[in-house]
Amino acid sequence: MKAICFREVKTFFSSLIGYLVIAVFLLVNGLLLWFFDGDYNVLQSGFADLSPFFVLAPWVLIFLVSAVTMRSFSEEIKQGTIELLLTKPLSTWQIVLGKFFGILLLCLIAIVPTLVYIFVVNNYLLPNQIFDFGSIIGSYFGLCFLASSYISIGLFCSSLTNNQIVAFIISVVICVILSVGIFQLAGISSFVEQLGVEYHFRSISKGVIDTRDLLYFISLSGLFLGLTVFKINNIRK
């Protein structure tokens, strides 16, 4: 599994993919948060906090993660190298998890530089304003779990087709439905709301790490990773 993970990371940084993903994530968030006028501009919000970042970042992640994962299996299937990969002395779970952790590591590398936002915002605190570090830490944890869920979905979509663009589109659609779609249906049932990633991400962002939220993200990631393993096993047969 380590070999697959390191191979993925090496592939990302031996080409422009890894650098491009990190650059796009930081550039889009940086421009909208600090330079462009709008609802996400922290300096124009009149209140020194990072809530605009944690509203914006999940959306950026949906598209970036889908773009990175779309080639994971679809390219292997298209070029026929999936058969060579499956002949290695590795279980299907090890192959899938190796790719999963490789992409997750790339996402974490992209997220880590944004920690500097904490120190920047801390310098803009208003008199008598208290910086809620608990909420910030919870939001970063939530962002990492959110990324892991999107990665598992992206890997599953990549295993469904040998066309990267199709895999990208399916991944984006599923991620959006699990966030916006279910969130919009919340008025119908509170149970429906709790099925969406947005509900659990907002819960963790309050600074309280609830085991129910952690179990949700772990279960969601496990579900799509399991589906990916099932699909790859069918190819192995």
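Which residues in H1 meet which residues in H6? The points below take up this question and others on the structure, which is a predicted model.

1. **Overall make-up.** The chain contains 12 helices and 0 strands. Read from the N terminus, the order of elements is α-α-α-α-α-α-α-α-α-α-α-α. Of the 237 residues, 46% count as buried. Among contacts between residues at least 6 apart in sequence, 74% join residues at least 24 apart.

2. **The contact of H1 with H6.** To take up the opening question, the H1 side consists of Ile4, Cys5, Arg7, Glu8, Val9, Phe12 and Phe13. These meet Ile95, Gly98, Lys99, Phe101, Gly102, Ile103, Leu105, Leu106 and Ile109 in H6. By class, the residues of this contact divide into 11 nonpolar, 2 polar and 3 charged.

3. **Geometry of H1 and H6.** Two packed helices are described by the angle between their axes and the distance between the axes. Here H1 spans residues 2-14 and H6 spans residues 92-111; their axes come within 7 Å and cross at roughly 45 degrees. The two helices are therefore oblique to each other. The crossing of H1 and H6 is right-handed.

4. **Geometry of H6 and H8.** Helix H6 also packs with H8, residues 133-160, the axes coming within 10 Å and crossing at roughly 140 degrees. H6 is therefore oblique to H8; antiparallel would be the description over 145 degrees. H6 passes H8 in a right-handed crossing.

5. **The contact of H6 with H8.** From H6, the residues taking part are Val96, Lys99, Phe100, Ile103, Leu104, Cys107, Leu108 and Ile111. Their partners in H8 are Tyr140, Leu143, Cys144, Ala147, Ser148, Ile151, Ser152 and Leu155. The contact has 13 nonpolar, 2 polar and 1 charged residues.

6. **Ser152.** This residue lies in helix H8. Is Ser152 buried or exposed? Ser152 is buried, its relative accessible area being 0%. Apart from neighbours within four places in sequence, Ser152 is in contact with Phe100, Leu220, Ser221, Phe224, Leu225 and Thr228. Ser152 and Val65 are 87 residues apart along the chain, and their C-alpha atoms are separated by 9.6 Å.

7. **Ser72.** The loop between helix H3 (51-69) and helix H4 (74-79) holds Ser72. With a relative accessibility of 1%, Ser72 counts as buried, since the limit for that class is under 20%. Not counting residues up to four places away in sequence, Ser72 touches Glu8, Lys99, Ile103, Leu155 and Ser158.

8. **Cysteines.** How many disulfides does the structure hold? The number is 0. The sulfur of Cys107 has its closest cysteine sulfur in Cys144, at 9.2 Å, which is too far for a bond, because a disulfide requires a pair of cysteine sulfur atoms within 2.5 Å.

9. **Ile209.** Between helix H11 (197-205) and helix H12 (211-236) is a loop in which Ile209 is found. Ile209 is partly exposed, its relative accessible area being 43%. Leaving aside neighbours within four places in sequence, Ile209 is in contact with Gly138, Ile204 and Leu214. Ile209 and Gly142 are 67 residues apart in sequence, with a C-alpha to C-alpha separation of 9.0 Å.

10. **Ser203.** Helix H11 contains Ser203. Not counting residues up to four places away in sequence, Ser203 touches Val208 and Asp213. Ser203 and Asp213 are 10 residues apart in sequence and, C-alpha to C-alpha, 7.3 Å apart in space.

Technical notes
Residues numbered from 1 in each chain as written. Predicted model: local features only at pLDDT ≥ 70, side-chain atom pairs only at ≥ 80, totals over all residues. Heavy atoms only, no water. Axes fitted to C-alpha atoms, helices over the stretch in contact; angles between N-to-C directions. Helix = DSSP H or I, 4+ residues; strand = E, 2+ residues; numbered from the N terminus. Parallel < 35°, antiparallel > 145°, perpendicular 65-115°, else oblique. Left-handed = near helix turned anticlockwise from the far one by under 90°. Contact = heavy atoms within 4.5 Å. Nonpolar A, V, L, I, M, F, W, Y, C, P; charged D, E, K, R; others polar. Buried < 20%, exposed > 50% of the residue type's maximum accessible area, 1.4 Å probe, protein only.
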